[in-house]
Amino acid sequence: MLYYMPLLNYNNSFNDIKGIVMKNCIKCGIEYKPKASEKSCSIKCKLLSKFKANDAGCWIWQGSRSGLYGKVRFNSKTLSVHKASYKEFVGDIPFGKWVCHKCDTPACFNPDHLFIGSPSDNRRDAVSKKRIKMGIDNVFSHFTYTQILEMRSLKSEGFTYDRIARIFNCSVTHAYNIIKNKYRKEL
Ligand SMILES: [Zn+2]
Ligand SMILES: [Zn+2]
């Protein structure tokens, strides 16, 4: 699947005369008028300039993360990378639906690995693949690094503390403290 093709650079002289500083997109080479220090002409080009494909064909986001998920900032808006990718390469996300991963790799944004589901599909999916280890019953038990990141990313996606506590089988207070970074400050 080829989504992009470098274009020949245009001649800048016309815009130089008008005093508009144009740039060439680092990905597709097209000339555009940048906002701030943006190096890409579009969110699509930004996504495509920051990934590494792995052996499973996942496009792993190389930019910043929010929990386990990649996030991308473009023209002063921050979006989840997998959601931005779905919108750019596949289509609109229906209201109330989630973009889920077939590959169980949250930082992946290969559109072929994404599908539309409900929050519970996403959860079932993660549980069935053992990404979330259930059965931790002790308030004082230690969660793994991955579990803590997962809890925080669920919170950022709108899950309540109560619901997260049920998923991870711990007290609401414990979930709250972990998400608010009261324990395990090193994470
Ligand atoms: Zn571009
Ligand atoms: Zn993937």
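Reader: How many residues does helix 5 have, and how far does helix 5 reach from its first C-alpha to its last?

Author: The model is a predicted one. In it, helix 5 covers residues 145-156, which is twelve residues. The distance from its first C-alpha to its last is 17 Å, close to the 16 Å expected at 1.5 Å a residue.

Reader: Which residues of helix 5 are buried?

Author: A residue counts as buried if 20 or more other C-beta atoms lie within 10 Å of its own. In helix 5, the buried residues are Glu 150, Met 151 and Leu 154. Viewed down the axis of helix 5, these buried residues fall within an arc of 100 degrees, so they line one face of the helix.

Reader: Against what do the buried residues of helix 5 pack?

Author: They pack against helix 6 (161-168) and helix 7 (172-179). Each of these two may be read in turn.

Reader: Which residues are buried in helix 6, and how are they arranged around the axis?

Author: The buried residues of helix 6 are Tyr 161, Ile 164, Ala 165 and Phe 168. Around the axis they cover an arc of only 100 degrees, which puts them on the same side of helix 6. Their cover includes helix 5 and helix 7.

Reader: Which residues are buried in helix 7?

Author: In helix 7 they are His 174, Ala 175 and Ile 178. Seen down the axis of helix 7, the buried residues lie within an arc of 100 degrees, so they line one face of the helix. Helix 5 and helix 6 are included in what covers them.

Reader: Which residues of helix 6 and helix 7 meet?

Author: From helix 6, Tyr 161, Asp 162, Ile 164, Ala 165 and Phe 168 meet Val 172, Ala 175 and Tyr 176 of helix 7. By class, this contact of helix 6 with helix 7 has seven nonpolar, no polar and one charged residues.

Reader: At what angle do helix 5 and helix 7 pack?

Author: Their angle is about 95 degrees, and their axes are 9 Å apart. Helix 5 and helix 7 are therefore also described as roughly perpendicular to each other. In this contact, Ile 148, Met 151, Arg 152 and Lys 155 of helix 5 meet Ala 175, Ile 178 and Ile 179 of helix 7. The residues divide into five nonpolar, no polar and two charged.

Reader: Where does Ser 76 lie, and is Ser 76 buried or exposed?

Author: Ser 76 is in the loop between strand 6 (69-74) and strand 7 (77-80). Its phi is positive, near 70 degrees, in a residue other than glycine. Ser 76 counts as exposed because it has 8 C-beta neighbours inside 10 Å.

Reader: Where is the place of Asp 104?

Author: Asp 104 belongs to the loop between strand 8 (98-101) and strand 9 (114-117). Its phi, near 55 degrees, is likewise a positive value in a residue other than glycine. With 16 C-beta neighbours inside 10 Å, Asp 104 counts as partly exposed.

Reader: How many helices and strands does the chain have, and what percentage of its residues is buried?

Author: The secondary structure comes to seven helices and nine strands. Of the 187 residues in the chain, 22% are buried. Among contacts with a separation of 6 or more, 42% are between residues 24 or more positions apart.

Note on methods:
Residues are numbered from 1 along each chain as its sequence is written. Chains are lettered from A and ligands numbered from 1 in the order in which they are written. This is a predicted model: local features need pLDDT of at least 70, side-chain atom pairs count only at pLDDT 80 or more; totals for chains, interfaces and linings use all residues. Helices (H or I, at least four residues) and strands (E, at least two) are DSSP runs, numbered from the N terminus. A residue is buried if 20 or more other C-beta atoms lie within 10 Å of its own, exposed if 12 or fewer, and partly exposed in between; C-beta atoms are placed from the backbone. Two residues are in contact if their C-beta atoms, placed from the backbone, lie within 7 Å. The expected span of a helix is 1.5 Å times one less than its number of residues. The arc is that of the directions from the helix axis to the C-beta atoms. Ala, Val, Leu, Ile, Met, Phe, Trp, Tyr, Cys and Pro count as nonpolar, Asp, Glu, Lys and Arg as charged, and the others, Gly among them, as polar. Axes are lines fitted to C-alpha atoms, for helices over the stretch in contact, and angles run from 0 to 180 degrees between N-to-C directions. Angles under 35 degrees count as roughly parallel, over 145 as roughly antiparallel, 65 to 115 as roughly perpendicular and the rest as oblique.
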